[in-house]
Amino acid sequence: MDKLKIQGGQALNGTVNVSGAKNAALPILISAILGSGKSRFDRVPALQDIKTTELVLNHLGLTSTFEKGVMTLDAAKISTIEAPYDLVRKMRASVLVLGPLLAREGRAKVSLPGGCAIGARPIDFHLTALEKLGAKITLEGGYVIAEAKRLKGNRVSFEFPSVGATENAMMAACLADGETLLENSAKEPEIVDLAISLRSMGAKIEGEGSERIRIQGVNSLTGANHRIVGDRIEAGTFLAAALATRGKVRVEGLAPHHLEAVLQKFEEAGAIITRDAEAITLEARNGGKGTDVKTQPFPGFPTDMQAQFMAAMCVADGPSLITETIFENRFMHVPELARLGADLTVRGNSVLIRGKSKLIGAPLMATDLRASASLVMGGLCAEGETVVSRIYHLDRGYERMEEKLRSLGARIERAKEE
Ligand code: UD1
């Protein structure tokens with residue numbers, strides 16, 4: 001197991017390129033199940049979650065190659081309709097194979113997911129949507145079994161705009177008989193990217209990015225050809241690190257409007273933001289001031305940026321109140337940041353942060369993906385050495401994070417855990 005050793009106190013300065021978005025790549029790679037031909041995806045990030053996805057797809061019978069950011073997947077033959085516990089427990093997003101497998105094969109058996117320990121994270125919205133499309137769902141021995149000779153287009157209204165449920169239903173509806181209307185859909189840029197990729201396979205989808213997505217089912221789909229959208233959360237993480245360390249960082253390779261809610265909060269905190277066509281620059285020479293944030297579905301402030309923004313607020317001038325509305329139990333970084341001397345008080349689903357002028361390095365333990373990023377940021381601000389252990393969480397979602405941080409002037413090294 002690896003750990004990161006950080007000598008804090010350097011302001012981050014320079015330019016960094018963001019990778020393809022993990023959360024777009026996962027459903028998009030999985031959607032290759034729907035096509036009978038060969039798919040090609042560019043700008044696929046080399047991450048643990050991507051390797052897990054490739055393993056899941058290989059297990060289902062798809063053959064693959066993955067080199068230099070290009071993944072090819074051949075779904076000529078599906079050899080099993082079962083995604084076993086051993087694979088699904090490693091990554092919750094594996095549950096996204098349910099919709100495409102069911103739509104193509106008429107049957108799917110998928111283990112109930114594990115993944116990040118950030119709350120209960122049920123999949124009831126996924127199952128209700130598939131039932132609306134005509135699937136018979138049974139639960140047996142920790143597995144979901146879904147069956148339908150052919151799915152039938154229908155109107156599906158989500159109780160909450162769940163990202164995963166929208167993706168599962170969207171993929172399933174592509175091969176259903178007739179028209180599907182998804183209402184109260186998630187509007188995240190990753191949903192839009194999935195729709196673009198599905199269209200490259202011959203799917204008939206419109207309205208993605210709004211709350212009403214309309215899908216005209218077709219009889220078959222070809223392979224996809226798609227380049228993954230830039231990772232807005234990775235970009236936001238580097239920008240938050242620039243704010244926290246009072247530096248100047250330009251992130252390249254993403255559309256600034258995908259991160260608009262976060263950019264507005266950075267501005268409220270006193271940072272100067274420059275938005276270019278495919279790049280964002282944040283300058284925070286004068287440091288940040290306390291700013292309140294509440295997480296919301298897109299276009300609101302993303303829950304995946306909550307922990308990183310909190311780390312920046314730990315060294316801001318004045319108090320901040322950060323409220324988490326998407327996931328319960330997503331404050332596992334709070335006691336770890338407190339070990340650096342940060343002043344944090346949890347009240348229900350909010351955290352009151354009283355910014356401090358100084359944090360002091362300490363040994364920390366990473367707990368989930370975005371929490372890990374916030375601990376690294378805490379270490380970058382803190383005086384002296386911070387060691388972040390269990391960084392396999394970080395490797396699930398950030399490509400070469402320590403290299404990219406080093407290129408911005410951070411003093412950070414990867415080491416083996418004794
Ligand atoms: C996706 C992202 C994750 C992000 C989250 C919210 C991927 C691989 N992961 O996760 O990084 O934090 O969106 O932006 O893209 N819920 C239910 N029942 C369901 C489904 C969801 O109650 O069937 C609840 C969840 O417990 C949670 C909320 O709805 O409280 C939002 O979850 P959802 O949008 O589905 O998140 P994911 O797709 O799991």
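**Entry 1: contact between the domains**

I looked up how the two domains meet, and found 24 residues of domain 1 in contact with 20 residues of domain 2. I note that this is a predicted model. The domain assignment gives domain 1 as 2-19 + 230-416 and domain 2 as 22-227. I then looked up the distance between the C-alpha centres of domain 1 and domain 2, which is 30 Å.

**Entry 2: area**

The size of an interface is often given as the accessible area lost when the parts come together. For domain 1 and domain 2 I read a buried area of about 1900 Å². Carbon and sulfur atoms give 54% of that area.

How many salt bridges did I find between domain 1 and domain 2? The count is 2. I also looked up a salt bridge between the side chains of Arg396 and Asp49, where N and O are 2.8 Å apart. Between domain 1 and domain 2 I counted 9 residue pairs in polar contact, with both residues at pLDDT 80 or more.

I went on to the side of domain 1 that touches domain 2, where α12 (369-381) and α13 (392-397) each supply at least two residues. The largest share of that side, 3 residues, comes from α13. Sorted by class, the side has 8 nonpolar, 6 polar and 10 charged residues.

**Entry 3: Ser185**

I found Ser185 in the loop between β11 (179-183) and α7 (189-199). Is Ser185 buried or exposed? I put Ser185 down as buried, because its relative accessible area is 1%, and the cut-off for buried is under 20%.

Leaving out residues up to four places away in sequence, I listed what Ser185 touches: Phe158, Pro161, Thr166, Ser210, Glu211 and Ile213. The side chain of Ser185 also reaches the backbone oxygen of Leu182, at 3.2 Å. I checked one pair across the chain as well: Ser185 and Ala366 are 181 residues apart in sequence, and their C-alpha atoms are 32 Å apart in space.

**Entry 4: Lys404**

Which helix holds Lys404? I found Lys404 in α14, residues 401-407.

Definitions and conventions. Residues numbered from 1 in each chain as written. Predicted model: local features only at pLDDT ≥ 70, side-chain atom pairs only at ≥ 80, totals over all residues. Heavy atoms only, no water. Domains from an automatic or database assignment. Contact = heavy atoms within 4.5 Å. Buried area = accessible area lost by both parts, 1.4 Å probe. Salt bridge = Lys/Arg side-chain N within 4 Å of Asp/Glu carboxyl O. Polar contact = N/O pair within 3.5 Å; in protein donor to acceptor, adjacent residues only side chain to side chain. Helix = DSSP H or I, 4+ residues; strand = E, 2+ residues; numbered from the N terminus. Nonpolar A, V, L, I, M, F, W, Y, C, P; charged D, E, K, R; others polar. Buried < 20%, exposed > 50% of the residue type's maximum accessible area, 1.4 Å probe, protein only.
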